[in-house]
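Student: I'd like to learn how to read a model like this one. Can we go through it feature by feature?

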Amino acid sequence: MADTTGNTTETGATDAPGPNSTPRKSSWKYIGPGIVVAATGVGAGDLVATLIAGSNFGYTLLWAAVLGCLVKISLAEAAGRWHLATGRTLFDGWASLGRWTTYFFVAYVVIWGFVYGAAAMSSSALPLQALFPDVMDLKAWAILCGLSGLVFVWFNKYEVFEKVMTVLVGVMFVVTVYLAIRVTPNLGDAFAGLLPVLPDEKDSILNTLGLVGGVGGTITLAAYGYWVNAKGWTNTGWMKVMRLDNRVAYVTTGIFVVAMLFVGAELLHSANVSIASGDKGLIQLSDILEDKYGTATAKFFLIGFFATSYTSLIGVWHGVSLMFADFVERFRGTRTTGEEVASGTRQRSWPFRAYLLWLTFPPIVLLFQGQPFRLIILYGVLGAAFLPFLAGTLLVLLNSSRTPAEWRNRLLSNAMLVIAGLLFLVLCVKQIWDQPWSEFF
């Protein structure tokens with residue numbers, strides 16, 4: 001049977017899920033990793049970017065937000081397909097392309113993880129301080145968020161992690177949809193926004209590409225294959241389930257994005273109100289909501305803001321630590337298989353826990369001393385380069401003999417990965433160009 005990506009699919013023989021079993025058919029009861037990747041990929045910064053797009057352009061760029069979700073579906077599907085079709089992990093595939101992939105990955109996870117840890121803790125702390133202003137200051141809340149994430153991921157198996165993420169996604173969903181309904185969107189203008197047109201403003205193309213590429217995760221797309229394995233899906237019999245799960249992930253992401261764009265278009269654009277970029281923009285939105293709809297709505301929004309930020313924190317703590325553990329084992333000469341990830345041994349290994357500590361304790365120093373200028377530039381460059389790296393390497397891996405013939409890319413998969421690669425390459429070049437290099441040296 002052919003699916004929408006043009007690839008052949010299989011069905012298995014039994015209903016019982018597990019590493020060595022396959023479902024008779026795709027079913028909603030198996031959904032899980034997709035919820036995790038949606039929760040992790042959509043952070044507070046993504047919601048602010050969408051709000052600002054709605055504030056600046058109304059519904060004009062709704063189509064771009066939807067296109068961004070389709071692009072991310074293709075990337076996550078490709079990562080999941082590699083894991084299931086080959087039984088190998090994504091880092092094992094990268095390693096087969098040459099040592100340069102290892103050098104890039106090491107630089108990325110070390111520098112990116114250091115800076116991201118501080119950013120994730122601060123983002124989770126902002127709504128807590130707004131909800132409980134007299135309890136602790138922002139730095140104390142941030143440290144508490146980081147330590148709680150460390151303890152939670154350290155001591156819990158994937159099954160518990162997934163359930164908690166699902167509950168928090170439910171909170172995010174209810175809050176964003178409630179806000180979208182509360183602002184009474186103009187559905188006629190919204191449907192018109194699905195037509196691909198560009199705003200008549202300077203740099204509109206780059207702004208549009210930024211919205212397409214900016215929502216829904218970076219390294220979390222690569223982590224999706226690891227979560228697929230951690231769920232117990234380790235062979236091609238789970239391919240249809242994985243694809244359904246992946247689509248659910250980005251339909252969910254699309255709902256978050258569209259809902260916040262509605263809020264930006266109706267609450268900010270119509271009133272000609274602007275908010276700051278970054279997480280503090282959501283605190284400003286909370287104040288606007290309080291003025292217009294009352295304290296209860298504002299606090300409800302702050303709860304959703306916390307759920308959005310904290311899912312990104314614990315999602316990265318878990319998913320990227322799995323990837324780092326895989327890297328260490330590969331470096332030591334051991335190939336990690338999907339079944340080893342499914343068994344949970346990688347989640348109890350010292351490399352997994354060492355990276356958890358790296359994400360938590362060194363970034364606390366940044367909370368007190370500020371973020372070093374040169375490190376921030378490197379962080380921005382590596383972050384911008386990751387998605388072109390992911391799209392390009394997946395194109396090579398899934399069109400080569402490394403992947404069984406029946407699971408290699410077909411025309412649609414290749415087209416989507418090429419579009420993704422070109423899109424993120426343009427954004428990467430712009431990000432690098434915009435860095436203040438003269439001050440770096």
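Student: Which helix is Asn 229 found in?

Tutor: Some ground rules before that. This is a predicted model, where local features need pLDDT of at least 70 and side-chain atom pairs count only at pLDDT 80 or more, while totals for chains, interfaces and linings use all residues. Residues are numbered from 1 along each chain as its sequence is written, and side-chain values use heavy atoms, with hydrogens and water left out. Helices are DSSP runs of H or I, at least four residues, numbered from the N terminus. Asn 229 sits in helix H10, residues 219–230.

Student: Is Asn 229 buried or exposed?

Tutor: Buried means under 20% relative accessible area, exposed over 50%, and partly exposed in between, using a 1.4 Å probe and protein chains only. Asn 229 has 0% relative accessibility, so it counts as buried. A contact means heavy atoms within 4.5 Å. Leaving out residues up to four places away in sequence, Asn 229 touches His 83, Leu 84, Thr 234, Gly 338, Val 341 and Ala 342.

Student: What about helix H13: how many of its residues are buried?

Tutor: Of its 37 residues, 29 are buried, so H13 is largely enclosed by the rest of the structure. Just after H13, Gly 333 takes a positive phi of about 95°.

Student: Which residues have the most contacts inside the largest nonpolar core?

Tutor: In soluble globular proteins, nonpolar side chains tend to be buried together. A nonpolar core is a set of buried Ala, Val, Leu, Ile, Met, Phe, Trp, Tyr and Cys residues joined through side-chain atoms within 4.5 Å. The largest one here has 138 residues, and Leu 75, Trp 94, Trp 317, Phe 386 and Leu 390 have the most contacts inside it. Apart from that core lies another, of 8 residues, among them Tyr 59, Leu 62, Ala 180 and Ala 190.

Student: Thanks, that gives me a way in.

How values were computed:
Helices (H or I, at least four residues) and strands (E, at least two) are DSSP runs, numbered from the N terminus.
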